[in-house]
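Me: I'm new to this one and would like a close look at a single part. Could you take me through it slowly?

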Amino acid sequence: MKRRKVIQGLSTLPLLSSLSAAGMRSEHVSRKKRRDLIAELGIRSFINAAGTLTYMSGCIMHEEVVQTIENTSRHFCMIDEVQDKVGEKIAKLVHSEAAMVTCGAFSAMTLGLAGVLTGLDVRKVEQLPHLEGTGMKSEVICQKSHNERYNHAFLNTGCTVVEVETIADVEKAINEKTALLHFLNITANAGQIKQEEWVALGKKYNIPTSIDIAADVPPVSNLWKFNDMGFDLVFISGGKAMRGPQSAGILMGRKDIVAAARLNAPPRGYTVARGHKVNKEEILGMYVALEKFVSGDHDREWKEWEAQIARIEGAVKDLPGVTTKVTVPELGNITPTLTISWDDSIVKLNGRELRDKLRFGNPSIEAGFSGLPLYYYQAGSDSVDPAMEETLKGANLIRVTAWMLQPGEDKVVGRRIREELLAGMRV
């Protein structure tokens, strides 16, 4: 070899050595056992056959969402710029003029109404929730059957909720204080006024209309259905079927109202919603979750859910005294749902007892119990309102869904339910 090539070869040795050492360090880190805090702290983890319930931590995020959160956590960004860029992308996906990521659907409700009340007037933003003497409107109208506990999100702005039942009631209730006409999609069939009629009332009286669709995808088309219908604001959770961050949601709708909502939101520190922080990781993670959900193969996913439910049903339906039925909720949590009920003269269990046996068994499994609305459950626990306790004890049934199951868990769920039902027969 020529002298020059020998010298060049020697000069590369430190670099090669450095790369080799770096590779060894990387391999060592990758092989290093990750810290398992759930096991370390003794926190119970479980198979989720109940659904996307907040007190059960919602959903398991898509791997792409987790990667997005991890990757973006290593960078500084201006929150408003992140919201600007992500909001533009989301708005196109959901057919709205504008959008922003919030810390859940509840937050979207508070921020959306705050935007209606204040507009872009910073002085008004600073005054919320103290409305008296400000000139701001102070009432939200909704149908009586739509006035459930999550409407507390509106009370946070200082507004009150006015209940109505008919179109005539709405027209009578509208006055100079009316800020918003609100609709709850999951109870649409319980009210006399339907979505299109609600939108028409808002347009007739020049009052913004909103709709809460927190848990109402699938179908994916609901993401744009109500924007296309003409609602001015749409509120949705991100940590349910879309499998985004549990602490994220989306506010979508009219550009001027969303801009005003942004003025009421963090990072600004003088607002009623200062506590509604959502950081860059969650904003970007929510966008990735939405993008993945919109482009997903929903027919294939539905068939997988049906197959999982069929396997669970097949594990128990031959048992004496046991009855099974598969239904699909019409308006929210729209997924195949298996109800398993039994003759208590044969199976000496009630629904709560079976659920507890599954919960405290190995592996731990969470199943739906009564089909009650979530707001019956007390804050901070999965126990129900004491007024409902006796009713629930007499319910000989559990409900099971598949959309939060991991691969293979349906077989485990079917086997465990069968085991406990058989044990109940031997009592």
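Which residue does glutamate 281 form a salt bridge with, and how far apart are the closest N and O atoms?

Reply: The partner of glutamate 281 is lysine 280, with 2.8 Å between the closest N and O atoms (a salt bridge puts a side-chain nitrogen of Lys or Arg within 4 Å of a carboxyl oxygen of Asp or Glu). Both glutamate 281 and lysine 280 are buried (under 20% relative accessible area, with exposed over 50% and partly exposed in between, using a 1.4 Å probe and protein chains only).

A word on the source: this is a predicted model, where local features need pLDDT of at least 70, side-chain atom pairs need 80 or more, and totals for chains, interfaces and linings use all residues. Residues count from 1 along each chain as its sequence is written, and side-chain values use heavy atoms, without hydrogens or water.

Now for helix α12, residues 280-294 (helices are DSSP runs of H or I, at least four residues, numbered from the N terminus). Its lysine 292 meets glutamate 64 in a salt bridge at 3.0 Å, N to O. Lysine 292 is partly exposed at 31%, and so is glutamate 64 at 34%.

The axis of α12 also comes within 10 Å of that of helix α4 (residues 79-94), crossing at roughly 15°, so the two helices are roughly parallel (under 35 degrees).

Aspartate 84 is partly exposed at 38%, whereas arginine 262 is buried at 16%. Shared partners join Asp80, Asp84, Arg262 and Arg268 into one salt-bridge network.

Conventions: Axes fitted to C-alpha atoms, helices over the stretch in contact; angles between N-to-C directions. Parallel < 35°, antiparallel > 145°, perpendicular 65-115°, else oblique.
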